[in-house]
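Reader: Before we look, could you take me through how such features are read, one at a time?

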Amino acid sequence: MRTPIRRARGARRALTGALLAGLTLLTTASPASPAFADGPSAGASPSSDSAGPTEAGTTFRTATALAQGQTGTAQASTGDYLYWVFPADAGQRPTVEATVKLPENAARRSASTWQIDVYDGLRRRQACAYGHQTRKAGAEAATVELSCVLRPVRAWTEPWANDPLPGSYYVRLTVVDLPADQLGLPIGAEVRPTVKEVGGAHDVDGTLSEPLVPGVSVASAGDGAGASAAPRTVAAGEPEDGWASGWWTDRWLWTVGGGVLAALAAVFGYSLTRGRGRPSHVPPGV
């Protein structure tokens, strides 16, 4: 018969091996939470193979649709408001990068300040977590680069909150500080929206009934009107894998792994506290 010390040592070895295996599984299966030191384009989605649009809208309603990772260009004039729209789903952290090619130095005589703003499907302005949302370009500058990294998109939130939600995101690019005599000069604009998957660290217990995209409420009502209803379409597109692709997230790995480690810890604690039992020299019933 093994002594309690040997049994305890064996249990410790088994528990140590199980803990190491569990930690290895969790750290390799689940991506790390996003660090704000990452560059704006870190972990961006792959670029779209198709050529991007070569024009931009001038209002929310006429915003030009972009796919995730697609680059849109436009020729415009200083003072114009340029709009693009792209989709972002729950668990993604959108990043918008913009480059403005300024007029020739001979046509400019003063500095200018440029800005990009991002709005969600409810047209609520979303604050940038970090990036260069507003930048000043000197009179001799040839280009100005802007960027805006949003907070991770949540699947659900309280009605009074301003959290990013799944749906369309509008990008507005314009100059915010320029003398009146410099308005109307030709410029070139380039915008590229990308997303980074942030994993289950930002999951919540809830979901929207529909993503916040243009026309989704009308399309949903038409779906239940009968066979003659028009097919559902949305102007801003959707992610390649569809909206909210399934119930699975890496939070399940952490939940199951935590349960296994808790069970092993309970077994180990029981092996240490159950005692030696009845001594062999004591007869039963005594």
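Author: Let us begin with burial: buried means under 20% relative accessible area, exposed over 50%, and partly exposed in between, with a 1.4 Å probe and protein chains only. By that rule both C128 and C148 are buried. This is a predicted model, in which local features need pLDDT of at least 70 and side-chain atom pairs count only at pLDDT 80 or more, while totals for chains, interfaces and linings use all residues. Residues are numbered from 1 along each chain as its sequence is written, and side-chain values use heavy atoms, with hydrogens and water left out.

Reader: What do C128 and C148 form, and how far apart are their sulfur atoms?

Author: A disulfide is a covalent bond between the sulfur atoms of two cysteines. Here the criterion is a pair of cysteine sulfur atoms within 2.5 Å, and C128 and C148 form such a disulfide with their sulfur atoms 1.9 Å apart. The torsion about the S-S bond of C128 and C148 is about -105°, so this disulfide is left-handed.

Reader: In what order do the 4 strands of the open sheet lie?

Author: Strands of a sheet pair through backbone hydrogen bonds, either parallel or antiparallel. Strands are DSSP runs (E, at least two residues), numbered from the N terminus, and two of them pair if DSSP finds at least two bridges between them. The order in this open sheet is β2-β10-β4-β8, with antiparallel pairing; its edge strands, β2 (72–77) and β8 (143–149), each pair on one side only. Between β2 and β10 (residues 186–197) there are 6 bridges in the antiparallel sense, and S77 stands opposite P186 in β10.
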